[in-house]
Amino acid sequence: MKEIISQKTKLFCESVIREMTRLSREFNATNLAQGFPDFPAPDFIKNSAIEAIKRDINQYSFTWGSTKLRRAISEKYMKKYNFSFDHEKEITICCGSTEAMISSLMAVLNPEDEVIIFEPFYENYGPGTILAGAKPVYVKLYEPEWNYKRDELEKAFTDKTKAIILNNPHNPTGKVFRREELEEIAELCIKNDCLAITDEIYEHIIYDEREHVLLSSIKGMKERTIIVSGLSKTFSITGWRIGYAIAPAEISSAIRKVHDFLTVCAPAPLQEACALVLNTNEDYYKDLIKNYEKKRDILIDYLDKSGFKYFKPSGAYYVMVDISDFGFPNDWEFMKFLIMEVGVAGVPGSSFYHDDSGDQKIRFCFCKKEETLHEAGKKLLRLKEIFKK
Ligand code: PLP
C-alpha cells in the first residue's frame with residue numbers, strides 16, 4: 001500500500017498542550033496547562049453576539065471579513081498606536097490568529113525558504129512553516145531575560161531566509177521585546193530583505209507599565225511586516241475564533257486567497273459582535289491588565305513558597321519555571337508526577353523547543369479564576385514538604 005500520511009505531516013507531533021489538558025482531566029488535576037480562561041467572557045461582548053444572531057447576521061461574511069470589523073480594527077490601531085492601516089486593502093479577518101498565521105505563511109513561503117523562529121516558541125510556528133513547505137530555523141532566547149544573542153541571530157539569516165516570526169509579548173516566557181531589540185531585528189530584516197510576521201495576540205496583556213511597540217512602526221518595516229493578532233485573549237473568547245492579519249495590499253491579497261480556500265470566512269455574527277466592542281471604553285483594557293497582574297502575582301507568590309525558580313513575566317499570561325532543583329530526569333517525568341501525585345497540570349518545557357533544551361522547565365498559565373490559582377497554589381505548596389526544601 002502507498003504511504004497514506006504526507007511527508008510534511010510526519011514532521012511534527014500532536015499538540016502537547018492539548019494532551020496535558022486531557023491528562024489533567026483524567027487525573028482530576030487543576031489545569032494550568034492550556035491558555036484559555038476558566039472565567040466567563042464579559043457580558044457586553046456576549047450580548048453583542050446574541051444581538052447579532054437575532055438580527056440574522058447568520059450567513060457568510062465577505063471572505064476577507066466584515067467591513068465593520070475591519071474598520072474597527074483600523075480605528076483601534078489609530079487610537080492605540082497612532083498608526084494607520086487601510087481596512088479595505090490591508091486587513092483580513094481569519095478564524096483566529098492561528099489561521100491568520102498559517103494563511104500568511106502559505107501566502108508568502110516557497111519550498112526551500114527558511115523561516116527564523118525564536119525558541120522557546122509557541123508551538124504552532126514550526127508546523128505552520130512545515131505545512132507551508134518551508135524550513136524552520138531556530139534562534140535561542142536565553143534566560144533569565146530571554147534575550148537572543150546578536151551574533152546567533154545574524155548567522156541565522158541566509159540567502160534562503162524569507163521571514164522571521166516574532167511573538168511579542170511572548171508565549172511561553174512572558175518576555176516583552178524592548179524597542180532596541182525590535183530596532184535590531186528590523187535592521188536585520190531590512191539588510192537581508194526579509195519579511196517579519198509578528199504574533200501580537202497578547203498586545204493588551206502587558207505588565208509593570210511597559211508599552212507594546214509595533215515592529216511595523218519601526219522605519220522601513222511597515223512594507224515588510226505581517227501583523228497577526230486577534231480577540232481571543234483580550235476578550236476571553238478563545239472559542240469564537242476571531243483573528244486577523246494586517247499586511248501591505250499585495251501580501252494581503254495573497255493571504256485573502258489562502259484564507260478563502262481554507263475557511264471561506266470567520267463566523268459572521270461573532271465578527272459583528274467584535275466590531276461593536278473592539279473600541280470599547282479604555283477602562284476595559286486597564287482592568288484587563290490589573291486583573292491579570294493580580295493573577296500573575298498570586299501564582300508567583302505560591303511558586304516562591306513552593307521552592308520553584310521562575311522567570312517573572314512582563315506580558316502574556318504564562319510563567320516559565322525551572323525544575324532543575326527537584327532532581328527529575330526530565331520535564332515529562334516531572335509533569336507526570338505533578339499531575340498524578342500533586343494534582344496540578346502545566347506543560348513540559350521541551351514542547352517549546354525543537355531540541356531537548358527545555359527538559360528542565362515547565363510552563364504554567366494564570367488565565368484562571370483566582371480561586372483556581374489558589375487551589376493549584378495550595379497543592380504546589382506540598383512540594384516543599386515532599387522535597388524538604
Ligand atoms: N499565538 C500565541 C502566541 C498563543 O499563545 C495563542 C494561544 O494560546 C495563539 C496564537 C492562538 O490564538 P487564536 O485563538 O487567535 O488562534
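This is a predicted model: local features need pLDDT of at least 70, side-chain atom pairs count only at pLDDT 80 or more; totals for chains, interfaces and linings use all residues.
Trainee: Why is Tyr 353 called buried?

Mentor: The relative accessible area of Tyr 353 is 7%. Buried means under 20%, so with 7% Tyr 353 is counted as buried.

Trainee: Where in the chain is Tyr 353 found?

Mentor: Tyr 353 is in the loop between β12 (347-348) and β13 (361-365).

Trainee: What is Tyr 353 in contact with, leaving aside its neighbours within four places in sequence?

Mentor: Contact means heavy atoms within 4.5 Å. On that criterion the partners of Tyr 353 are Glu 119, Pro 120, Phe 121, Lys 140, Trp 146, Met 320, Gly 358 and Lys 361. One of them, Pro 120, is 233 residues away along the chain, yet the C-alpha atoms of Tyr 353 and Pro 120 are separated by 5.1 Å.

Trainee: Now the sheet. What is the strand order of the open sheet, and how many strands has it?

Mentor: The open sheet has 7 strands in the order β2-β8-β7-β6-β5-β3-β4, and the pairing is mixed. From one strand to the next, the twist averages 25°.

Trainee: Which strands pair with β7, and in which sense, parallel or antiparallel?

Mentor: β6 (residues 195-199) runs parallel to β7 and is joined to it by 4 bridges; the bridge partner of Ala 196 in β7 is Thr 225. β8 (residues 242-246) pairs with β7 in the antiparallel sense, also over 4 bridges, and Ile 227 stands opposite Ile 246 in β8.

Trainee: Why is β7 described as largely enclosed?

Mentor: In β7 (residues 225-230), 6 of the 6 residues are buried, so the strand is largely enclosed by the rest of the structure. Thr 225, Ile 227 and Ser 229 point one way, whereas Ile 226, Val 228 and Gly 230 point the other way, and all are buried.

Trainee: What is the volume of the largest pocket, and which residues are closest to its centre?

Mentor: The volume is about 1,100 Å³. Of the 44 lining residues, Ser 15, Arg 18, Tyr 122, Glu 123 and Asn 124 are the closest to the centre.

Trainee: Which helices supply at least two residues of that lining?

Mentor: α2 (16-26), α5 (96-108) and α6 (125-131) each do. The largest share, 6 residues, comes from α6. By class, the pocket lining has 21 nonpolar, 16 polar and 7 charged residues.

Trainee: Which residues line the largest cavity?

Mentor: The lining consists of Lys 76, Glu 203, His 204, Gly 230, Leu 231, Thr 234, Phe 235, Tyr 244, Leu 278 and Tyr 285. By class, 5 are nonpolar, 3 polar and 2 charged.

Note on methods: Residues are numbered from 1 along each chain as its sequence is written. Side-chain values use heavy atoms; hydrogens and water are left out. Buried means under 20% relative accessible area, exposed over 50%, partly exposed in between (1.4 Å probe, protein chains only). On a 1 Å grid over the protein atoms alone, a cavity is a set of points where a 1.4 Å probe fits but cannot get out, and a pocket is an open set with protein on both sides within 12 Å along at least five of seven lines; lining residues have an atom within 4 Å of a point. Grid points are joined across faces, edges and corners, and a volume is the space filled by probe spheres set on the points. Ala, Val, Leu, Ile, Met, Phe, Trp, Tyr, Cys and Pro count as nonpolar, Asp, Glu, Lys and Arg as charged, and the others, Gly among them, as polar. Two strands pair if DSSP finds at least two bridges between them. Axes are lines fitted to C-alpha atoms, for helices over the stretch in contact, and angles run from 0 to 180 degrees between N-to-C directions.
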